[in-house]
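Take a moment with the structure before reading on.

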Amino acid sequence: MSRRPVEIVASAVEEYGSGREAVLQILTRVNGELGYIPEEAMKAVAAAVGVSDAEVYGVVSFYSFLSVKPRGRNIIRICDTVTCGMKGFKDVVAAIEEELGVGVGETTPDGRVSLETTSCLGLCDQAPAMLVNDTPYIRLTPEEARRIVAGLE
Amino acid sequence: MPNISVTINGVTRSVREGITILEACQIAGVDIPTLCYHPDLSLAGNCRMCLVDVEGWRTLAVACVTPVTPNMKIRTHSKKVRHARRTVLKLLLASHNSNCPECERNKNCELQELAEKHNITINEFQTSPKPVSFEEASPGIMRDNSRCIMCTRCVRTCEELQSVAVIKSVGRSHRVKISTFLDRGLNEVPCTQCGQCINRCPTGALFETSEIRQVWEAIEDPEKFVVVQTAPAVRVGISEALGFSTARSTGKMVAAIRGLGVERVLDTDFTADLTIIEEGYELIDRLKRALVDGDETAVLPMTTSCSPGWIKFIEHKYPDLLPNVSSCKSPQQMFGALAKTYLAAKEGVDPANMVCVSIMPCTAKKYEKERPEMRSSGFKDVDYVLTTRELASMIQEAGIDFKELPEEKYDRWMGESTGAAVIFGVTGGVMEAALRTAYEVMTGQEVPFDGLNITPVRGMEGIREAALTFPDKMLNGYEFLAGKTLNVAVAHGLSNAERLMDKVRAGEVDYHFIEIMACTGGCLGGGGQPIPTNPEVRKKRAEAIYDEDAALHFRKSHANPEVQLLYAEFLKEPLGHKSHELLHTTYTPRN
């Protein structure tokens, strides 16, 4: 059973402290455990650290790996930058969209997968590339991408 | 710090080590354009307008954040500098909504002024202004991010001056914007509506929620009896808003408002004096109950309640300290409640047809009048609130030649003012006015200060303290204070209020009475006052207010003859039944 957002914040504060420098670590912990950072968690972080709610939200909004909305159990981040763009990003993303039945920026109704684009992953030499959760996939073809996506739990 | 030698545009001079290039240039009388810089705020260095050339440096220096070094050679308008500044301006303008005629800040916009000064007529950068996005949800403050240049002056104002911090930079890269927690409306976050962000915005991204249209409609409606009240600080701000220098202009302001076609021009000063009576007696009552009766419900220190930004702040941040706040309504709301009862009867007007308009140096007053408890006359006590800037706009629209106007007087019944009421407009003024009255009520003598000027509570220090010792001989009923010392404190700017209230909450201080104003400098620096508002301008407005006080015949609130008449004919006594019904209020804890 998953812990309540404020409990996660409390335990992260215990571990990382309540200084401003701990904000990102606390938020990363919440995001890792829940897949997103709910409003009450942001407020709890703000209260623990002694900054405003708006400041915590500003931090969350800056990082694309942190989210204020629930996302799928798996997150696909496919690179849309120049090299991947030239090496077939369009076909790969179309194949994934078809496989999932949702578009970029959306989550499958069963909460299995969220599909997002991202800026350069640093894998230009092995384009096109995508990140599924924490695992990079490279030299993608539409077929390969379909297979990977279909295998996600 | 020792002095060092720097050369600015070929002229060598000695300056204090540690100051910035910008400060050195200001001392030298050399103008450097700035946008993100504001003398009230910390340095950001993000707009890049103030770039200067430093000999031997590979890149241009950001003047506002770069300290001078010995023998530094600075050039402020080399070809490289001019080119860079023009590029910075063009890039800012490329994403800026440059529909200037439709902007509240047209002709009073720092970006517009710089574009003109730098002769930006053609912008080779493809323009892609952000979409217009009016946010009009909150009663006091509106935002349009399409005019925002991301200088973060508002963000720093909200956090540094006010400890409110409800606006922040949100997002990243070209998607970054100034926003709130979860992008909510300012009415859904703990914004105090003080409007200090408006005063520091270099463009028109922040402005007041205007009620000019509604006021014109009321003036033109023959059924309506329009009653205007003017706050103390407006009379020293209005001339600035009309393009003149800071000046006391009470008489001309009254003439101008009358010229708009309203039925009565009256003075919030009248209810400021009334506030002093009610609040003074409330303080005496609390002192007696706390010190003599041992009544634990008599909470000290008592704080003032005139500033609606302060009230909203304490409701959000210190709900546990709400019992410390005086139950007196602000002068604006006392005025509204009396206008639609006492004045309506005096004038023989049906209060249902009366429209009560306030001219305020304040945007939080627009919020205050909407509070559900502000209907004790049976109607909405105050219908519309205009800022000093909005009044100036109406005067200009009506084609009134302000400078040539004769000085006129306020109308009767609620138009009389004392010097004590005028100084409500400056930090420390309510305290000074209260002491002038409370001391005399209890001792029968005037406050022991030369010319009634209680100088220890004056000035611009963020928090000021003073102590006033009562004589051994007090008037009947006030013997309990004989020889006792009254400890008072004054804070302005909500960050200072926070520092003070933290001490109160921790029990570290032993004050009896505290004056708090939400805005730096008090109301004269309010969010509805002319732009710019900075330390120099605040000083001039404060001088004008103290001059007005010194020039008035009555200097003490209890000497106001119309207030005396009000008590004799209507209220009967301070803190009496009618007062409680019309002039006192309650507060709401908010999270």
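At roughly what angle do the axes of helix 9 and helix 11 of chain B cross? Before the answer, please note that this is a predicted model, in which local features need pLDDT of at least 70, side-chain atom pairs count only at pLDDT 80 or more, and totals for chains, interfaces and linings use all residues. Residues are numbered from 1 along each chain as its sequence is written, while chains are lettered from A and ligands numbered from 1 in the order in which they are written.

**A helix pair in chain B**

The axes of helix 9 (residues 268-291) and helix 11 (residues 331-347) of chain B cross at roughly 105 degrees and come within 8 Å. Axes here are lines fitted to C-alpha atoms, for helices over the stretch in contact, with angles from 0 to 180 degrees between N-to-C directions. Angles of 65 to 115 degrees count as roughly perpendicular, so helix 9 of chain B is roughly perpendicular to helix 11 of chain B. Helices are DSSP runs (H or I, at least four residues), as are strands (E, at least two), numbered from the N terminus.

Contact means C-beta atoms, placed from the backbone, within 7 Å.

**Domains and chain contacts**

An automatic or database assignment sets the domain bounds:

| Domain of chain B | Residues |
|---|---|
| Domain 1 | 3-77 |
| Domain 2 | 123-208 |
| Domain 3 | 212-270 + 332-404 |
| Domain 4 | 279-327 + 420-582 |

The C-alpha centres of domain 1 and domain 2 of chain B are 28 Å apart. Their contact draws nine residues from domain 1 of chain B and ten residues from domain 2 of chain B.

Between the chains, ten residues of chain A contact eleven residues of chain B. Helix 4 (residues 53-62) of chain A gives the most to chain A's side, with seven residues. That side of chain A divides into four nonpolar (Ala, Val, Leu, Ile, Met, Phe, Trp, Tyr, Cys and Pro), three polar and three charged residues. Charged means Asp, Glu, Lys and Arg, and the others, Gly among them, are polar.

**Chain A overall**

Chain A has seven helices and four strands, in the order α-α-α-α-β-α-α-β-β-β-α. Its C-alpha atoms fill a box of roughly 50 × 30 × 25 Å along the principal axes.

Conventions
Contact = placed C-beta atoms within 7 Å. Parallel < 35°, antiparallel > 145°, perpendicular 65-115°, else oblique.
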